[in-house]
Structures are given as C-alpha cells and as structure tokens.
Amino acid sequence: MFSTALRAAVLGLGLVVVAAPVAFAEGDPAKGKKVFRKCQACHVVGKEQNRVGPHLTGVIGRAAGGVDGFKYSKAMAGSDVTWTEENLDAYLENPKKFLKGTRMAFPGLKKAQDRADVIAYIRDASN
C-alpha cells in the first residue's frame, strides 16, 4: 500500500520524535513565588542568607553543596550534581529519591507545573 521510501520516511520521523528530549515546562515566576512559601521556612532567595537550608540565590548553574559556610549532608557535599533547571525539577519532585542521603525533609512538589513555577521564581529572583 505505501512505498518503501514513504514507509522509511515515516519510521525515521517516528524515531526522531521518540529520541527528542522532553521539554522542560515553562514556569510562571509570579505563581512560583506563591509556591515558594512552602520552601521559605528553610530557604531564602534574593539574598545570600542561609537558614536551615542553604540560600538559593544563584543556585542554577551552581554545584550541589557549593555554598560556602553551609554544612551539607555527606551525600550532597559528595555529589557530582550541578543544579540545572532539569536537575532542580527532579530534585524538587522527590528529594530523597534524587539524592539518597540528603537531609532535606521536604517531601517534594508533585505537580510539574508547581516545580516549573518555583524554578522560574528562583531563577528570576536570583538576577
């Protein structure tokens, strides 16, 4: 019914679609500021002030365990993680699954849009 060339083209297109990386959701910083209320008991963004957790100012692009003067868990301090938006998304979804041995007690943000929004807020508040 279909020519061999057409079948090959359709299969090739299917492989491109399957192999394409999943796009990171676009976040809304204003909504993220509201979601961040769940985080602010332990974290600050917008100034370099540590609390129970390290400050998150400039966290995107920073090595995990990279805030001078903050006492990290051995797992965090010894990890090779760099905080990209994708890594933050995975960590915020389930911190203990992302990095076994982390001391962060927060259970995570289950909604992908909430994570995207809070990451957008952290990114914008860091600038």
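**Notebook: a helix crossing and some aromatic pairs**

I began with helix 4 (residues 85–93) and helix 6 (residues 112–125), whose axes come within 10 Å and cross at roughly 130 degrees. Axes here are lines fitted to C-alpha atoms, for helices over the stretch in contact, with angles from 0 to 180 degrees between N-to-C directions; helices are DSSP runs of H or I, at least four residues, numbered from the N terminus.

This is a predicted model, so I noted that local features need pLDDT of at least 70 and side-chain atom pairs pLDDT 80 or more, while totals for chains, interfaces and linings use all residues. Residues are numbered from 1 along each chain as its sequence is written, and side-chain values use heavy atoms, without hydrogens and water.

For the contact (heavy atoms within 4.5 Å), I listed Glu85, Leu88, Asp89, Leu92 and Glu93 of helix 4 against Arg115, Val118, Ile119 and Arg123 of helix 6.

Next I looked up the aromatic pairs and found five (ring centres within 6.5 Å, using the six-membered ring of Trp; planes under 30 degrees apart are stacked, over 60 edge-to-face, the rest tilted). Phe36 and Tyr121 have ring centres 5.4 Å apart and planes at 50 degrees, so I logged a tilted pair. Phe36 lies in the loop between helix 2 (29–35) and helix 3 (74–77), Tyr121 in helix 6, 85 residues apart. Phe36 is buried at 4% relative accessibility (buried is under 20%, exposed over 50%, partly exposed in between; 1.4 Å probe, protein chains only). Tyr121 is also buried, at 15%.

How values were computed. Helices (H or I, at least four residues) and strands (E, at least two) are DSSP runs, numbered from the N terminus.
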